[in-house]
Amino acid sequence: MPSRKALIRQPSSRLDEGLVTHLERTPVDAVLALRQWEGYVGALADHGWETIEVAPADDCPDGVFVEDTVVMFRNVALITRPGAASRRPETAAVEEELARLGCSVNWVWEPGTLDGGDVLKVGDTVYVGQGGRTNATGVAQLRAAFEPLGARVVAVPVSRVLHLKSAVTALPDGTVLGHPPLVDVPTLFPRFLPVPEPSGAHVVVLGGGRLLMAASAPKTAELLAGLGYEPVLVEIGEFEKLEGCVTCLSVRLRDLYV
């Protein structure tokens, strides 16, 4: 049966030093960020997810964005090699936790770079954003790891946002959500639903028709509610200042052998 576990990592006290690529830097309130993170973790738990806290990495300002450290396909973990060198120390504790959970562990090797936020899975199709933190060698290594397991890997250009999942995520039925000005090639997705707000493109499928979303996307929440989904809104404004979203604050482990 499907598993409902999620890896999380508490934000660093140095969160304000996190990397910014496509946004103008604004101050981050670390105390408020911790409260928002606790609210996010609480929302996962309230909807049936067991959260597993990875060892803290206070020397890694971006460590809270734990999704970037690994890509999961079924029970196989591909430990990433983040495109920003300063983020590479974040992966070790995640690798240790996944091995403890019984995952088969693989790695991206130099000169490949791959950020987990660049990977969107829709069924057995794995879309990989290329052009920012993820390079062609990283895509090739992901393909080598997952295609033998039945994945179909599709490279997608990313130039307008930090990661692919900064631009698009997917609904339970496979429809891809995106804010059109941020999506390089919407026609690469067989079913594409435009949304009115940038943060409306980010959903975490919780199960039972519930979608975890940022409170900064009320119009998109209304749109999705009209389609029969139940938006679960959380405040993550301090993380949005660092180009973070609801997907990158956890790694959902849906296919562990349990």
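Guide: Here is a quick tour, from the whole chain down to a few rings. The model is predicted, so to speak of local features requires pLDDT of at least 70 and side-chain atom pairs count only at pLDDT 80 or more, while totals for chains, interfaces and linings use all residues. Residues are numbered from 1 along each chain as its sequence is written, and side-chain values use heavy atoms, with hydrogens and water left out.

Visitor: How many helices and strands does the protein chain have?

Guide: Six helices and 15 strands. These are DSSP runs, numbered from the N terminus: helices are H or I with at least four residues, strands are E with at least two.

Visitor: Why call the chain as compact as a globular protein of that length?

Guide: The radius of gyration is 17 Å, close to the 18 Å that the globule rule gives for 258 residues, so the chain is as compact as a globular protein of that length. That radius is taken over C-alpha atoms, and the rule is 2.2 Å times the number of residues to the power 0.38. Along the principal axes, the C-alpha atoms fill a box of roughly 40 × 40 × 40 Å.

Visitor: What share of the residues is buried?

Guide: 54% of the 258 residues. Buried means under 20% relative accessible area, exposed over 50%, partly exposed in between (1.4 Å probe, protein chains only).

Visitor: Switching to sheets. What order do β2, β1 and β15 take?

Guide: The order is β2-β1-β15, in an open sheet with mixed pairing. Strands pair if DSSP finds at least two bridges between them. The edge strands are β2 (50-53) and β15 (251-253), each pairing on one side only. On average, neighbouring strands here are turned by 25° against each other, direction ignored.

Visitor: Which helix packs on that sheet?

Guide: Helix α1 (residues 30-46), which touches β1, β2 and β15. Contact means heavy atoms within 4.5 Å. The direction of α1 makes about 170° with that of β1. Axes are lines fitted to C-alpha atoms, for helices over the stretch in contact, and angles run from 0 to 180 degrees between N-to-C directions.

Visitor: And how do β1 and β15 pair? What sense?

Guide: Antiparallel, over three bridges, with β1 spanning residues 5-8. Lys5 has Leu253 in β15 as its bridge partner.

Visitor: What about β3 and β4? What do they form?

Guide: A hairpin, with two residues between the strands. Arg74 in the turn has a positive phi of about 55°. β3 and β4 (residues 76-79) pair in the antiparallel sense over four bridges. Val76 in β4 is the bridge partner of Phe73.

Visitor: Which way do the β3 side chains point?

Guide: Val70 and Met72 go one way, Val71 and Phe73 the other, and all are buried. In a regular strand the side chains alternate between the two faces of the sheet.

Visitor: Now rings. How many aromatic pairs?

Guide: Five. Rings of Phe, Tyr and Trp (its six-membered ring) pair if their centres lie within 6.5 Å; planes under 30 degrees apart are stacked, over 60 edge-to-face, the rest tilted. Tyr127 and Phe189 are edge-to-face, 4.9 Å centre to centre with 65° between the planes. They sit 62 residues apart, Tyr127 in β7 (residues 125-130) and Phe189 in the loop between β10 (176-178) and β11 (192-194).

Visitor: Which residues join Tyr127 in the cluster?

Guide: Phe189 and Phe192. Phe189 and Phe192 are stacked, 6.5 Å centre to centre with 20° between the planes.

Visitor: Is Phe192 buried or partly exposed?

Guide: Partly exposed, at 23% relative accessibility. Phe189 is buried, at 3% relative accessible area.
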